Amino acid sequence: LQKEFSRSEYLLKLDRCNNLLRVYKKSESKKIRGYYSLREDFSMDKYVLYEEVKQFKCIYGHAETPTPFGVFQVENKSNDWYVTPYRPKNLKNVGILKFQGYLEIFEDYFIHSDIFAENIDGTAEIVGTVKDGGTTGCVRVNSDDLKWLLDNIPVKTTVMF
């Protein structure tokens, strides 16, 4: 069963070679005609063309816990805290790990913020950032970049990992 993907305003693409999450926005046909040699009678109705508008530094899954390859879509998004049961190698002896805000791609795979460890007094400190070596499968961006994604990227946006 092939999943129908929306022709949303945005497209997200993981650039594994450069550790970037690239954000593309739908282009207007007039602008595209300036970039490409398209026939005058070419109809844009059958096609969606995008241009890159932003890029965010990110990390993604280690070889033993890879980020899946494929074309997905944003299934859900939230500003809420999410307690994760997954433990990166460098954080095995830390208590509750969580991140604030996420775009759910499928199952337990997210684009999410920095990782925080919850202290006994209820405060949280950052223990995992985009400077770390990799994740347990999710794509991690810094908290400010995730805020932009949550504010601008709608549910059903196409995501290419």
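Two strands count as paired if DSSP finds at least two bridges between them. Strands are DSSP runs of E with at least two residues, and they are numbered from the N terminus. The model is predicted, so local features need pLDDT of at least 70 and side-chain atom pairs count only at pLDDT 80 or more, while totals for chains, interfaces and linings use all residues. Residues are numbered from 1 along each chain as its sequence is written, and side-chain values use heavy atoms, with hydrogens and water left out.

β1 (residues 10–15) pairs in the parallel sense with strand β11 (residues 158–160) over three bridges. Thr158 in β11 is the bridge partner of Leu11. With strand β2 (residues 20–26), β1 pairs in the antiparallel sense over six bridges; here Asp15 has Leu20 as its bridge partner. Four residues lie between the strands of this hairpin, and Asn19 takes a positive phi near 50°. Five of the six residues of β1 are buried (under 20% relative accessible area, 1.4 Å probe, protein chains only).

## The cavity

A search of the whole structure finds one cavity of 30 Å³ or more. A cavity is a set of points, on a 1 Å grid over the protein atoms alone, where a 1.4 Å probe fits but cannot get out. The largest cavity holds about 120 Å³ of space, a volume being the space filled by probe spheres set on the points.

Its lining has 14 residues, with Thr84, Tyr86, His112, Ile115 and Thr136 nearest the centre; lining residues have an atom within 4 Å of a point. At least two lining residues come from each of β5 (76–84), β6 (97–106) and β7 (109–112).

Key:
1 Å grid on protein atoms, 1.4 Å probe; cavity = no way out; pocket = protein on both sides within 12 Å on 5 of 7 lines; lining within 4 Å. Buried < 20%, exposed > 50% of the residue type's maximum accessible area, 1.4 Å probe, protein only.
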